[in-house]
Amino acid sequence: MTEWFNSLADTFYRCFIEDSRWKWMLEGLGNTMIITVFALMIGIILGIIVAAVRSTYDMNGAAMKKKGGPAYIFLRIGNFICNLFLTVIRGTPVVVQLMIMYFIILINVTNGVLVAIIAFGINSGAYVAEIFRSGIMSIDEGQIEAGRSLGFNYIQTMIFIIIPQAVKVVLPTLFNELIVLIKETSVAGYVGVMDLTKAGDKIRGRTFEAFMPLFAVAAVYLVIVIILTRILRIIEKRLRKSERR
Amino acid sequence: MNDALIQVRDLKKYYDNGRIKALDGVDIDIRKGEVVVIIGPSGCGKSTFLKSLNLLEMPTEGKIIFEGVDINDSSVNVNIHRQKMGMVFQHFNLFPHKTVLGNITLAPTKLKGISKEKGRERAMELLRMVHLEDKADAYPAQLSGGQKQRIAIARALAMDPDVMLFDEPTSALDPEMVGEVLDIMKELARGGMTMIVVTHEMGFAKEVGSRVIFFDGGQIREENTPQEFFAHPKDPRLQDFLSKVLI
C-alpha cells in the first residue's frame with residue numbers, strides 16, 4: 001500500500017513539480033481562458049450583426065420588397081451572405097476552420113493565440129447569431145405590432161421593445177455557449193497554441209506518464225464547467241423570478 | 001362633403017396570389033367624431049381591414065387617405081401618420097419589460113421629444129381617466145385582463161391620436177371585465193374621439209355607434225345607423241348573422 005502511494009507521489013512529482021511543469025498547466029489554462037473570453041466577444045458582436053440582418057429580412061423583407069429601392073437589394077445581398085456564412089461555419093468542423101485560418105488565411109500572423117481567438121470567434125458567431133435570432137423570433141408578434149402602431153419605425157421597435165425582451169430569453173442559452181466554447185478550444189493545440197489540453201499533452205510527452213496529466217486536464221475543465229453551470233442556474237432562477245412578478 | 005378624416009378607396013388584400021381575398025374592394029369614408037362599429041363573422045376580413053388602415057397589414061392595392069395623404073403610397077413615411085392613429089389590440093400587447101408608466105410614456109418621450117416630467121404628468125392624467133392611477137409602477141404581469149386593456153387604451157391615447165382603432169378589444173377578456181373596458185370606450189366616444197371598433201359587443205354598437213357596418217367575404221355588406229341596422233337588416237347574410245348572435 002505504501003509502495004503504491006510512494007509511486008503515485010513520485011509520478012505526481014515528475015508530472016507537475018519537476019522542471020516546474022505545473023507552470024505549463026497554468027499557462028495553458030490562461031490561454032484557454034483568454035481564447036474563450038475574446039472569442040465569445042467576437043462571437044457576440046458578429047452574432048448580433050448576422051441576427052439583425054437575418055431577422056430583419058424575415059420580418060420586414062416583404063414590406064421592403066413592395067417599397068423596392070436599394071435598401072431592399074442590400075438587405076437581400078446581406079441575407080444571402082449571412083446564410084452562406086452560417087451554412088459554411090456550421091457545416092464544417094471547428095478544428096478544420098482553425099487550421100485553415102492558421103495555415104492559409106492568416107499565414108503571416110505568428111501569434112497562435114490571436115489566430116485561435118479569431119477562428120473560434122467566427123465559429124461562435126454563427127451559433128450566437130442563431131441564438132439571438134431565435135430569441136428575437138420568440139417574442140410575440142403583437143409586441144412588434146404594438147410598437148409599430150405607436151409610430152416607432154422597425155429599428156426603434158427592435159431597440160426599445162423587442163431586444164430588451166429577447167436578451168432575457170437568450171441569456172441562459174448564451175451562457176451555455178460559453179460553456180461549450182471552453183471545451184471546444186481544446187483543439188487549439190493543432191496550431192501550436194499551448195492551451196490547457198496541449199499543456200497536459202506536453203507533460204505526457206516529457207514524462208511518458210499519460211494517466212496523471214490527462215486526468216488533471218480533465219479535472220480542471222470539469223471544475224470550470226461545474227462552476228459556470230452553477231452560475232447559469234442562478235441566472236436562470238433570477239430570470240424566472242422577474243417573469244413571475 | 002370633405003370633412004372625412006379617413007377615405008378608403010377600393011382597398012384590396014389578397015393572399016396566395018389572389019386565391020384568398022381577405023379584402024375585396026372596400027370603400028368607406030369616416031368622418032371626424034364618428035364611432036364606426038364593424039361586425040361580421042370570423043374570417044370575414046374585419047380585423048384585416050382595421051389593420052390595413054394603419055398598414056400593419058400591407059394592402060395589395062387601394063387608397064387609404066388619412067388627413068389628406070394617401071398613406072398606402074410607397075413614398076409616404078407611414079410612421080409619422082401612425083402616430084396619429086392609436087390602436088388597441090385584442091391581446092393588449094403591453095410591453096412586459098416596462099412598468100405601466102413606462103408603457104404609456106415610451107412613445108411620447110422617444111417619438112415626440114416630450115420631457116420625462118411632462119410625459120409622466122400626461123400619463124398620470126390618462127391613468128386617472130382609466131381609473132388606474134394606483135397602478136403606475138406595476139408591471140403588466142401584475143394586472144388583470146381588464147386593467148391591461150385599459151392601460152393599452154391609455155398608452156394609445158398618450159400619443160394624442162386623431163383616430164382610435166379597436167381590434168376586438170373585449171374578446172380576450174373574462175366576462176366580468178368587459179364592462180370596465182367598454183365604459184372607458186364609451187367615455188372616449190362621448191368626448192368626441194373618432195373611433196373605429198371591430199367588436200362582437202352588439203350592445204356597444206347600439207349605444208354609442210354612429211354607424212354600424214357588416215363585413216362579409218372581404219366586403220362591406222351593409223352600413224346603417226344602429227337603430228335601422230339592428231331593427232331592419234336588409235342583407236340576408238346579416239339577417240342570418242344577427243339571428244345567431246345574442247343581442
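Is B:Leu55 buried or exposed, and what is its relative accessibility? At 7% relative accessibility, B:Leu55 counts as buried, where buried means under 20% relative accessible area, exposed over 50% and partly exposed in between, with a 1.4 Å probe and protein chains only. The legends below describe a predicted model, in which local features need pLDDT of at least 70 and side-chain atom pairs count only at pLDDT 80 or more, while totals for chains, interfaces and linings use all residues. Residues are numbered from 1 along each chain as its sequence is written, chains are lettered from A and ligands numbered from 1 in the order in which they are written, and side-chain values use heavy atoms, with hydrogens and water left out.

**View 1. The loop around B:Leu55 and the backbone angle of this residue.**
B:Leu55 is found in the loop between H1 and S4 of chain B; helices (H or I, at least four residues) and strands (E, at least two) are DSSP runs, numbered from the N terminus. Although B:Leu55 is not a glycine, its phi is positive, at about 60 degrees.

Strand S7(B) covers residues 163–167, and because 5 of its 5 residues are buried, the strand is largely enclosed by the rest of the structure. Both faces are covered, with B:Val163, B:Leu165 and B:Asp167 buried on one side and B:Met164 and B:Phe166 buried on the other. Strands of a sheet pair through backbone hydrogen bonds, either parallel or antiparallel. Two strands are said to pair here if DSSP finds at least two bridges between them. Strand S6(B) (residues 85–88) runs parallel to S7(B) and is joined to it by 4 bridges, and B:Met87 stands opposite B:Leu165. Strand S8(B) (residues 194–198) also pairs with S7(B) in the parallel sense, over 5 bridges, and in S8(B) the bridge partner of B:Leu165 is B:Ile196. Together with helix H6(B) (residues 175–190), the strands S7(B) and S8(B) make a right-handed β-α-β unit, right-handed meaning that, with the strands pointing away from the viewer, the path from the first strand over the helix to the second runs clockwise.

Leaving aside neighbours within four places in sequence, the residues in contact with B:Lys46 (heavy atoms within 4.5 Å) include B:Ile38, B:Ile39, B:Glu168, B:Val198 and B:Phe215. B:Thr199 lies in the loop between S8 and helix H7 (202–208) of chain B and is buried, with a relative accessible area of 2%. Not counting residues up to four places away in sequence, B:Thr199 touches B:Val37, B:Ile38, B:Ile39 and B:Thr170. A polar atom of the side chain of B:Thr199 lies 3.0 Å from the backbone nitrogen of B:Glu201.

**View 2. An open sheet in chain B.**
This open sheet has 4 strands in the order S2-S1-S4-S5 (chain B), with antiparallel pairing. Strand S2 (20–31) and strand S5 (69–70) of chain B stand at the edges, each with a single partner strand, so one side of each is left without a neighbour in the sheet. Strand S4(B) (residues 61–66) pairs with S5(B) in the antiparallel sense over 2 bridges, and B:Phe66 stands opposite B:Val69 in S5(B).

**View 3. The interface of chain B and chain A.**
The contact takes 30 residues from chain B and 22 residues from chain A. About 2,200 Å² is buried between the two chains, of which carbon and sulfur atoms give 60%; buried area is the accessible area (1.4 Å probe) that two parts lose on being put together, summed over both. Across this interface the rule finds 1 salt bridge, defined as a side-chain nitrogen of Lys or Arg within 4 Å of a carboxyl oxygen of Asp or Glu. The side chains of A:Glu145 and B:Lys51 meet in a salt bridge, at 3.1 Å from N to O.

**View 4. Two exposed residues of chain A.**
A:Phe208 is placed in the loop between helix H8 (196–207) and helix H9 (211–244) of chain A, and at 74% relative accessibility it counts as exposed. A:Phe208 has a positive phi of about 55 degrees although it is not a glycine. A:Lys65, in helix H2(A) (residues 22–67), counts as exposed at 54% relative accessibility.

Terms used
A polar contact is a pair of N or O atoms within 3.5 Å; within protein, one must be able to donate a hydrogen and the other to accept it, and residues adjacent in sequence count only if both atoms are side-chain atoms.
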